[in-house]
Amino acid sequence: MNSTATQPTDSARANAARDYEVIVIGGGVAGIYQIKRLADLGVKATLLEAHSDLGGTWYNNRYPGARFDSESFTYGYSFSKEVLDEWDWTEWYSPQPETLRYLNFVTNKFDLRKHMQFNCRVTSMHFDEHTDTWRLTLADGRSLRTRFVITALGILSIPTRPAFAGMETFKGLSFHPYDWPHDQPDLSGKRVAIIGTGATAIQIIPEVAKVAGRLTVFQRRPNWAAPLNNAKIDKAEMAKIRARYDEIFATCARTPGGFEHEPDRRVFSDVSPEERRELWDRLYDGPGFGIWLQNFVEIFTDEAANAEFSAYIAERIRSRVSDKALAEKLIPKDHGFGIQRVPLETGYFETYNRDNVELVDSQATPIEEITPGGLRTTDRSFEFDVIVYATGFDSFTGAFDKIDIQGSNGLKLRDKWADGPITFLGLMASGMPNLVMLAGPQTAATNFPRGAELAVDWVTPFLEHLWQHGYTRFDAQAAPEQHWHQHVKDMYQGVLMGKAKSWITGYNGNLEGHEYGKTRYNIYAGGGPKYARSIQKCVATGYEGVDLS
Ligand code: NAP
């Protein structure tokens, strides 16, 4: 700004016309809790959701087999004793329809729908320096002005399809699991192709195999997976869980992953091979992420320990697949167990023993094109009625990139993050005033709601602090942001995961700029408790690192 004469006064900024004080973007797990906190404060706030109802991930992913990999009772919100008292989970790992019912239950209980607007896709967001407000444009042409924006966009909300030649010519049904049709298509007797073998496909494959006439799985790289070992929760068990809620959430707050699973702190080399085997047998046959998160810490940091454990899992896979050559195809050779996010499965490996299921090695014989009747690889043609592209997501930054976000002096977030996210504490991005992110990039990768609640419980008092002091603007300072970014990068060095060919390091072969080796520092790899201490320290120092005016 050149002339002080044109500078608005503080009171002009404070009184700047606006439709809302706060707009929350995204109506999933994080957005629902955030709008609840704002509603409790009586702030003029609204939540904008692009889809036609709330639920985010759990609204969209309606594929057969979609369910938690987190224990249901560690995934639910912890903020309301009433919700904890009133809601009964029916399975250890809740299926998608139950989770969506749960999110609706919470929303309706607190009468939050009146603060939500659906079918509202935000297409642009420009910051106005003169009034310290954001102007949001929606796909329906509306324009809204707000002081503060809180993003709750999800980390896996932009599905990526591959770019095979001829995809548009296919005459059957084809979709990404995120867009699975709400009126479940009848797959009985159908010829179905599933492309990809990530956590999503690993949930879908056993379910589709039960009904399809023929299922063909196109696997580029095999993925380590371990049994979910789901079980029902009856009334008596639910009562026991309910009595333990305080302890459950205290444990989740203490563990790196935000689960009840705690790492085995014994030193790997101090434990005899027999004892290691004993632990692994117990974990493999136990529920959920125990096999990953209750393991020795060295599994994540030491190549030799990881190799020994991976050999153990390979042996378990061999014992479940009848055809020896096929078993070898299902065992990853390019990375160790737990280096990528571990999919949990229910009968996945046994599915390949079925006569109606075939595995095609897409590395040996890549898909060349999609044809009107199916697809063609380098050595064969296939006929299909349905093709499922379970080919992953534009993780973390994809949902931000979809919005034209322009902050201070026209700075575009898309440009700032062209090579990956750079944030202050995973909460703010310098140059993007009055914008705060929930469970965004560079926050701890934990059991999602545990991280989301932590973020909302940080953001809400932060906004109260601004209101109490009459501040109309905040922005993260550049130097502390660089310092945080370096810390996030450093955290990748000590863990094998840092080299993974995975969405966590930003790899996605279907997206330009996301090639393997161009690491994007998407997560804070130091674990939940350490992350929580960092953001609490910022509060304790009076929001050091953030300019308030
Ligand atoms: P993903 O892990 O990124 O897997 C994508 C799969 O598609 C990979 O097997 C990949 O092969 C393959 N692929 C991608 N492009 C391809 C192409 N052009 N040709 C052939 N194959 C291609 O994605 P996801 O399975 O959707 O899982 C993403 C994340 O979602 C999970 O890691 C998890 O965090 C979350 N999720 C959670 C749950 C749960 O909590 N219950 C369930 C499902 C998913 P390459 O490996 O060779 O690239």
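Modeller: A salt bridge here is a side-chain nitrogen of Lys or Arg within 4 Å of a carboxyl oxygen of Asp or Glu. Between domain 1 and domain 2 the count is five salt bridges. K235 forms a salt bridge with D88, with the closest N and O atoms 2.7 Å apart.

Two notes on the source. The model is predicted: local features need pLDDT of at least 70, side-chain atom pairs count only at pLDDT 80 or more, and totals for chains, interfaces and linings use all residues. Residues are numbered from 1 along each chain as its sequence is written, and side-chain values use heavy atoms, leaving out hydrogens and water.

Now the layout. Domain 1 covers 11-158 + 395-548, and domain 2 covers 199-389; the bounds come from an automatic or database domain assignment. Their centres, taken over C-alpha atoms, are 29 Å apart. In contact (heavy atoms within 4.5 Å) are 41 residues of domain 1 and 46 residues of domain 2.

Next, area. About 3500 Å² is buried between the domains, 57% of it from carbon and sulfur atoms. Buried area is the accessible area (1.4 Å probe) that two parts lose on being put together, summed over both. In domain 1, D69, F73 and L496 lose the most area to domain 2, together 22% of what that side buries.
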